[in-house]
Amino acid sequence: MSDPTELRDPPEASRRRKPSVKPKGRATMTDIARAAGCSQATVSFVLNNSPGIRLSQQTRDRVIEAARALGYSPPVFSALRPPVAPFEGLDGVIGFAVDQLATSPEAVVAIEGARQASWNAGNVLLVAQTMGDAVMEPRAIQALTRRGISALIYMTIFTREITAPEFLYSLDIPVILLNCYTADNAFPAVVPSEIAGGQSSTRHLISHGHRRIATITGEPWMQAAQDRLKGYRRALATADIPFDPELVVEGDWSASAGYAATVKLLALEDRPTAIFCQNDRTAIGCYEALKEAGLHIPQDISVVGYDDEEIARHLFPPLTTSILPHLAMGQWAIEQLETPPTPGHGRYPITKLECPLVERESVASVKGAAA
């Protein structure tokens, strides 16, 4: 919901060590950056052997060591494995159309995931920003198809059901929807599992003994806000904790709304012991309000965010939050082209990718309750 930052994954002092166990699933540059204690940009420069970038040999060695330990196989290690042939049916060029690029980091992260998966298979990604304009969007897609793309990834910034433009149905190449879906399920689609993410965030607080758990939502018209709230309510119901509408305050994803909502929650006669902020920017404002009130995080009140923006690990204390899986969604979209869907035929399920919880230091057990 915010402007992209220059570097998304700066070092964490507590993680400057060689990983001892491989993570589940495919390792990413983000995993390597965390293990190596550097930024994702530095990892990209090292693994892609980018020219003109001055990095110390010590840094390069640390990144390569972390990548090997995590089982990552980027182009720089291509000599260690046989080359990967392009996906069958593709001629090496894939189109990626997104409605907005500059308003939030999610599009950039999804494009990077698609770029990684494309390059690993020897394919090139062409990107176009369409702004969802009824006149210019078809022209942008047409410009991509004229350049010989063999498939198209169509992304929206806000997760939602869309009415797909007619020209998508008329394309004679595979189309994959990213962060959106259609009612007729005419295209393979991938979205974040937001209900499960909201449920996991709330359940984490419940597991630390919290029962007065507040939440500060995003704008209610957005599906992400609706689904995260559904997850919050499901977690409460599963734990037999009554839902209290007083503990739900509407926000707009901003730090200022997080501040105002937290002030409102602290004014309650029976104030919460934990707050689930539905994005990290909201949590920034929440932190400020709590500190202004003389409260300590997490000793006096626990806080959970969502999105895992770069700022989350730099708050004091570092913020427990959930990862939006846009990198994995971009990779998933490319992987579907290994067996390309037939244009204009069939109904496809909506794939929902997990939003993993990253535990940091902003949550503690309720005083007197077992962890």
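A crossing of two helices is left-handed if the near helix is turned anticlockwise from the far one by less than a right angle, and right-handed if clockwise. The model is predicted, so that local features need pLDDT of at least 70 and side-chain atom pairs count only at pLDDT 80 or more, while totals for chains, interfaces and linings use all residues. Residues are numbered from 1 along each chain as its sequence is written, and side-chain values use heavy atoms, with hydrogens and water left out.

Q: Which handedness does the crossing of helix 7 and helix 8 have?
A: Helix 7 passes helix 8 in a right-handed crossing.

Q: Why is helix 7 called oblique to helix 8?
A: The axes of helix 7 (residues 194-207) and helix 8 (residues 223-238) come within 7 Å and cross at roughly 40°. Angles under 35 degrees count as roughly parallel, over 145 as roughly antiparallel, 65 to 115 as roughly perpendicular and the rest as oblique. Helix 7 is therefore oblique to helix 8.

Q: Which residues of helix 7 meet helix 8?
A: Contact means heavy atoms within 4.5 Å. Among the residues of helix 7 that meet helix 8 are E194, I195 and G198; their partners in helix 8 include A224, D227 and R228.

Q: What makes C286 and C355 count as buried?
A: Buried means under 20% relative accessible area, exposed over 50%, and partly exposed in between (1.4 Å probe, protein chains only). C286 has a relative accessible area of 0% and C355 has 4%, so each counts as buried.

Q: How is it known that helix 11 is mostly covered?
A: In helix 11 (residues 326-335), 8 of its 10 residues are buried, including W332 and I334.

Q: What makes strand 2 and strand 11 edges of their sheet?
A: Two strands pair if DSSP finds at least two bridges between them. The open sheet has 6 strands in the order 2-1-3-4-5-11, with parallel pairing. Strand 2 (124-129) and strand 11 (350-353) each have a single partner strand, so one side of each is left without a neighbour in the sheet.

Q: How many bridges join strand 1 to strand 3?
A: Strand 1 (residues 93-98) and strand 3 (residues 152-161) run parallel and are joined by 4 bridges.

Conventions:
Helix = DSSP H or I, 4+ residues; strand = E, 2+ residues; numbered from the N terminus. Axes fitted to C-alpha atoms, helices over the stretch in contact; angles between N-to-C directions.
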